[in-house]
Amino acid sequence: MKELLKYIKPYKKEILLAVSLVFLEVIAEVTMPKLMSKIVNIYLPEKNMNKIIQMGLIMILITVISSAGGILSTWFASKVSQWFCADVKEAAYKKIMGFSAGNIDHFTTPSLITRLTSDINTLQTIIQTFLRLVVRAPILFLGSIFFAVTINKELTMVFVVIFPILVIALAVIIIKSIPMFSQIQLRLDKLNGILRESLIGARVIRAFVREDYENEKFQGANKEYMDISVKANRRTGLVMPVMMFLINTAIIMILWIGGNGVYKGSIQVGDIIAFITYSFQILFSLLLVAFLLMMTSRAKVSGTRLNEILTREESINSTDKSSEYTELQNGIEFEKVYFSYKKDDKESLKDINFYIKSGESVGIIGSTGSGKTTVISLLMRYYDVSKGSIKFDGTDIREIPLERLRGSIGLVRQQDTLLAGTIEENIRFGNEKANFEDIKKAAGAAQAEEFIEKMPEKYQTRIGQKGAGLSGGQKQRIYIARALIKKPSVLLLDDSSSALDMKTEARLQNELNHLDFKCTKIIVAQRISSVRELDKIIVLEKGKIAGIGTHDELLHSNTVYREIYDSQIETGKGENNE
Ligand SMILES: Nc1ncnc2c1ncn2[C@@H]1O[C@H](COP(=O)(O)OP(=O)(O)OP(=O)(O)O)[C@@H](O)[C@H]1O
């Protein structure tokens with residue numbers, strides 16, 4: 001929690017003000033019954049109107065001061081909680097933006113969303129209430145006890161009986177409820193995960209007519225969440241009835257003992273009225289303590305979940321070593337690379353060794369799950385190798401500052417993303433400084449110009465979130481233009497022309513061969529036709545290299561490549577139609 005507490009420190013002054021102003025607010029509550037008993041016991045029997053009016057005015061003044069204290073303390077408490085949570089949200093967001101793929105895998109996306117929304121909102125409400133109650137409860141408790149004892153010692157016996165029962169009952173309820181709070185947040189994570197998946201995959205769900213299945217899945221998770229919430233509320237909801245029962249029991253006891261006292265002349269009626277009010281306040285303050293404890297444990301759950309984000313060590317750390325590297329000059333080397341996504345998991349890459357000379361175009365091919373995308377992820381340093389090393393110009397990429405490494409690479413992923421905005425904005429995302437001519441040139445090379453020019457607003461056409469409004473092939477060409485505009489010294493294309501027809505793909509390959517900047521290309525593909533013309537092809541099979549060579553060499557000497565080729569000849573994927 002240390003990291004989280006750092007964010008509350010700048011608001012010490014406001015916290016102090018919020019807490020001190022509560023003092024003023026509680027004054028009225030603890031002095032009023034005493035003043036009232038004075039009127040009833042002394043001034044009313046004396047029929048002393050002057051004193052009654054004087055007392056009345058004092059009571060009004062106290063009420064005004066107390067209300068002002070209440071209003072101001074609420075104002076400060078709400079400011080502190082809002083500011084604190086805004087700061088934490090910003091810090092957590094920044095941290096998440098710097099997370100590696102491994103960090104995101106660890107938390108999962110739905111959980112990160114829940115932490116940044118539900119958890120932070122819970123924390124905000126709790127801090128605001130906490131600041132108002134943390135002083136109020138003890139002052140109300142101690143002040144009321146003090147005045148109650150000064151009124152009548154005999155009646156305080158009531159508390160000796162009621163207190164222990166109330167404390168035990170509240171303790172049992174709290175202890176039973178606390179474990180449920182973390183359960184609630186975990187189930188909310190799950191519910192958000194299903195919701196997110198259904199929204200993203202809405203089309204797939206409809207296409208496979210799986211709405212009922214998804215509905216059931218959502219209902220199941222929703223029910224789990226509802227059940228645990230109901231269970232927790234049922235337990236915490238017991239507090240009020242138990243409390244009311246004990247308060248009413250206390251009143252009956254006070255009336256019983258007090259009534260006898262009045263009959264004997266040892267207690268006055270005003271004292272009984274004041275005592276009943278104080279009993280209410282004492283027991284109520286204990287109720288506040290119970291709420292405080294429950295809130296604290298709930299805040300602890302949400303606080304810990306946020307603290308985990310803030311303190312999570314980034315699994316990929318940028319080095320502060322000042323390596324010379326800015327862009328690839330000589331080549332990329334994989335040296336005995338082994339990699340598994342999770343410790344002790346099976347290895348997704350095993351003993352990978354290859355060298356790619358700067359300026360070469362290299363293809364990576366292999367069956368699904370053979371490790372092609374993993375190679376790309378390692379080159380981007382989304383993950384670090386488990387064993388061995390990847391070197392750019394002879395320097396281990398772990399020794400190159402991340403910004404410089406990634407700055408030199410243009411990446412087009414298998415499932416990439418476009419942002420809501422115009423086509424021009426989306427291409428310029430790759431290079432903020434690019435002018436319109438550069439954008440047109442990149443779009444031309446990526447074979448995107450033709451379809452963009454046909455659109456009513458051309459480059460100013462707005463595309464929706466995730467590229468809504470564009471076909472799969474059109475989106476792929478914008479991803480490629482976005483990567484090319486960066487003029488990267490290394491271009492990684494991960495199955496990024498799969499949605500293009502063969503003619504367009506051939507034209508794209510031709511453009512990539514004639515770029516006006518030096519660029520090393522690594523192209524992951526499913527189709528032989530996408531890689532056959534490249535300088536060399538790396539064939540992956542079950543995470544291992546099955547062969548490296550040109551198309552002709554592999555066709556004659558490599559069985560894995562030959563099998564892929566034969567299977568595609570049958571389906572027509574292996575041949576380039578150009
Ligand atoms: N994030 C991940 N966490 C755990 N395992 C993963 C993860 N991503 C991939 N894998 C596993 O690593 C292996 C290689 O996956 P990879 O995505 O690199 O294959 P690929 O050759 O690109 O497949 P495809 O052609 O289907 O995209 C597979 O066994 C896969 O299950």
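## Basis

Residues are numbered from 1 along each chain as its sequence is written. In this predicted model, local features need pLDDT of at least 70, side-chain atom pairs count only at pLDDT 80 or more, and totals for chains, interfaces and linings use all residues.

## Helix 2

Helices here are DSSP runs of H or I with at least four residues, strands are runs of E with at least two, and both are numbered from the N terminus. Helix 2 (residues 12-46) has 35 residues. From its first C-alpha to its last, helix 2 reaches 51 Å, close to the expected 51 Å (1.5 Å times one less than its number of residues). At Thr-31, shortly before Pro-33, there is a kink of about 35 degrees (the angle between axes fitted to the seven residues ending there and the seven starting there). After helix 2 comes Lys-47, with a positive phi near 55 degrees.

Buried residues of helix 2 include Leu-21, Glu-25, Pro-33 and Lys-34 (buried: 20 or more other C-beta atoms, placed from the backbone, within 10 Å of the residue's own). The buried residues pack against helix 3 (49-97), helix 5 (109-151) and helix 10 (269-311) (contact: C-beta atoms, placed from the backbone, within 7 Å).

## Annotated spans

An unreviewed UniProt entry annotates "transmembrane region" at residues including 52-72 and 272-295; such annotations may be inferred rather than shown by experiment, and positions follow the numbering used here. Residues 52-72 are 100% helix, with end C-alpha atoms 30 Å apart. Residues 272-295 are also 100% helix, and their end C-alpha atoms lie 34 Å apart.

## Around the ligand

Residues around the ligand include Asp-105, Tyr-341 and Lys-372 (C-beta atom, placed from the backbone, within 6 Å). Helix 11 (residues 372-379) gives the largest share of this shell, three residues.

Key
A residue is buried if 20 or more other C-beta atoms lie within 10 Å of its own, exposed if 12 or fewer, and partly exposed in between; C-beta atoms are placed from the backbone. Two residues are in contact if their C-beta atoms, placed from the backbone, lie within 7 Å.
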